[in-house]
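Some labels in a structure description rest on cut-offs.

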Amino acid sequence: MAKSTTTKPKTTKTTTTRKRTTTKRTTSTKTAKAPEPVVVAEVVPEVSAPELKKVELIDAVVERTGVKKRDAKPAIEAALALMGEALAEGRDLNIRPLGKVKVKRKKELANGSVLVARIRQPKIEEKAADTESDGVADAAE
């Protein structure tokens with residue numbers, strides 16, 4: 001028995017495609033350069049000397065004033081205690097030549113409190129400026 005084979009002729013599909021019209025954008029030949037990156041250095045506060053302890057403060061006051069240590073110590077400790085209490089209450093201090101101490105934030109902790117304060121000191125003037133006349137006539141003139 002013979003097999004009959006029928007082959008179908010190959011048909012090609014023709015598809016019409018429409019060519020898209022594209023508009024070319026004219027770009028300038030000069031490209032804008034990005035600005036150079038700027039390196040920002042972190043500001044590190046300068047610490048000029050080690051912290052001043054209460055013992056050193058008392059010794060400096062004794063040396064500068066000439067009073068006895070047993071007389072200076074209670075007065076200095078009382079003044080420091082009063083300043084500490086005032087700051088704890090949220091009060092500002094204005095003590096020359098130390099400057100104006102203003103409490104910005106306060107945080108209570110289990111073992112104490114943390115105060116963030118700002119101190120504004122006046123400019124230190126030369127002693128020569130104190131001896132100059134301020135423009136007011138003396139009583140003898």
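Q: What makes a stretch count as a strand here, and where does that put P97?
A: A strand is a DSSP run of E with at least two residues, numbered from the N terminus. The model is predicted. P97 is placed in the loop between β1 and β2.

Q: Why is the peptide bond from R96 to P97 called cis?
A: Its omega is near 0°. Most peptide bonds are trans.

Q: How do you know that β1 and β2 pair?
A: Two strands pair if DSSP finds at least two bridges between them. β1 and strand β2 (residues 99–109) have 3 bridges, so they count as paired, in the antiparallel sense.

Q: What makes β1 and β3 edge strands?
A: The open sheet has 3 strands in the order β1-β2-β3, with antiparallel pairing. β1 (93–95) and β3 each have a single partner strand, so one side of each has no neighbour in the sheet. Neighbouring strands of this sheet are turned by 25° against each other on average, direction ignored. Helix α2 (residues 69–88) lies across β1, β2 and β3, and runs at about 145° to β1.

Q: Why is the contact between E77 and K54 called a salt bridge?
A: The cut-off is 4 Å between a side-chain nitrogen of Lys or Arg and a carboxyl oxygen of Asp or Glu. The N to O distance for E77 and K54 is 3.3 Å, so the pair qualifies. E77 is in helix α2 and K54 in helix α1 (residues 54–65), 23 residues apart.

Q: How many salt bridges does this rule give?
A: The count is 4. Among them is D59 with K69, where the closest N and O atoms are 3.2 Å apart. D59 lies in helix α1 and K69 in helix α2, so this pair ties together parts 10 residues apart in sequence. Another is K106 with E108, at 3.5 Å.

Q: Why is E108 called exposed, but K106 partly exposed?
A: Exposed means over 50% relative accessible area, buried means under 20%, and partly exposed lies in between. E108 has 56%, so E108 is exposed. K106 has 43%, so K106 is partly exposed.

Q: What makes V114 part of a nonpolar surface patch?
A: A patch residue needs over 30% relative accessible area and no salt bridge, and nonpolar side chains are joined within 5 Å. V114, in strand β3 (residues 112–120), has 38%, so V114 passes the area cut-off. L109, V114 and V116 form the patch, with about 200 Å² of accessible area together.

Technical notes:
Residues numbered from 1 in each chain as written. Predicted model: local features only at pLDDT ≥ 70, side-chain atom pairs only at ≥ 80, totals over all residues. Heavy atoms only, no water. Patch = residues over 30% accessible without salt bridge, like charges linked within 9 Å, V, L, I, M, F, W, Y side chains within 5 Å. Areas by Shrake-Rupley, 256 points an atom, 1.4 Å probe, with all protein chains shown as cover. Helix = DSSP H or I, 4+ residues; strand = E, 2+ residues; numbered from the N terminus. Buried < 20%, exposed > 50% of the residue type's maximum accessible area, 1.4 Å probe, protein only. Axes fitted to C-alpha atoms, helices over the stretch in contact; angles between N-to-C directions. Contact = heavy atoms within 4.5 Å.
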